Amino acid sequence: MSRPTIEEGHLRHCMLFFDQGLKANEAVKKINDTYGDVLKLNKCHRWFKKFKNGNRNLEDVERKGRPQKLDDDILRAMVDSDPRQTIRELSLKVSCPWSTVQDHLHRIGKVYRQGIWVPHELTETALDQRRTICASLLSRTKKYKDNPPEEPIETS
């Protein structure tokens with residue numbers, strides 16, 4: 001059964017409210033009774049511990065291991081300016097892990113084909129070319145069926 005989606009910030013506000021007199025397991029029970037299975041006990045324990053230490057900030061803090069944010073527009077501009085760059089070269093330029101760059105390239109619809117980054121989807125021109133080629137092949141097949149070539153003449 002899938003878990004219902006509820007904003008993380010709302011859950012944190014609920015935990016802060018219930019921290020005023022309930023234990024973590026009681027707060028989890030009340031929140032899950034209201035919204036469905038949206039909160040785990042260990043998460044509630046972590047937040048209650050933060051609240052007890054005087055930290056009532058409900059926002060996520062930047063952590064050392066968290067991947068940097070990468071702007072898709074900047075990456076798209078870099079790839080468009082030089083489509084022959086590898087993921088490694090791009091990751092060094094933007095100071096992000098290569099896996100992050102790879103994910104963002106996939107998100108903006110770029111694939112690496114024959115040494116260059118190209119759009120994953122067909123352009124109108126490429127689509128028209130494919131239609132023309134298919135029509136040509138179909139007409140060639142029909143022409144062959146209607147008028148097969150003569151038997152080849154053997155030479156000795």
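**Reading the cores and helix contacts**

Arg-12 is buried, with a relative accessible area of 8%. The model is predicted.

Q: Why is Arg-12 called buried?
A: Its relative accessible area is 8%. Buried means under 20%. Arg-12 therefore counts as buried.

Q: Where is Arg-12, and which residues does Arg-12 contact beyond its neighbours within four places in sequence?
A: Arg-12 sits in helix H1. Leaving those neighbours aside, its contacts are Trp-47, Phe-51, Leu-58, Glu-59 and Asp-60.

Q: What makes a set of residues a nonpolar core, and which residues have the most contacts inside the largest one?
A: The members must be buried residues of the listed nonpolar kinds, joined through side-chain atoms within 4.5 Å. The largest such core has 16 residues. Met-15, Ile-31, Leu-39, Cys-44, Phe-48 and Phe-51 have the most contacts inside it. Helices H1 (8-18), H2 (24-35) and H3 (41-52) each give two or more residues to this core. H1 gives the most, with five. A second, separate core has 12 residues, including Leu-70, Val-94, Val-101 and Leu-105.

Q: Which residues meet where H4 packs on H5, and how do they divide by class?
A: From H4 come Leu-75, Met-78 and Val-79. They meet Leu-90, Lys-93 and Val-94 of H5. The residues divide into five nonpolar, no polar and one charged. Lys counts as charged, so Lys-93 is the charged one.

Q: What makes H5 roughly perpendicular to H6?
A: The axes of H5 and helix H6 (residues 98-107) cross at roughly 105° and come within 9 Å. Angles of 65 to 115 degrees count as roughly perpendicular. The crossing of H5 and H6 therefore belongs in that class.

Q: Which residues form the contact of H5 with H6, and what classes do they have?
A: Ile-87, Leu-90, Ser-91 and Val-94 in H5 meet Trp-98, Val-101, Gln-102 and Leu-105 in H6. Six are nonpolar, two are polar and none is charged.

Terms used. Residues numbered from 1 in each chain as written. Predicted model: local features only at pLDDT ≥ 70, side-chain atom pairs only at ≥ 80, totals over all residues. Heavy atoms only, no water. Buried < 20%, exposed > 50% of the residue type's maximum accessible area, 1.4 Å probe, protein only. Contact = heavy atoms within 4.5 Å. Axes fitted to C-alpha atoms, helices over the stretch in contact; angles between N-to-C directions. Parallel < 35°, antiparallel > 145°, perpendicular 65-115°, else oblique.
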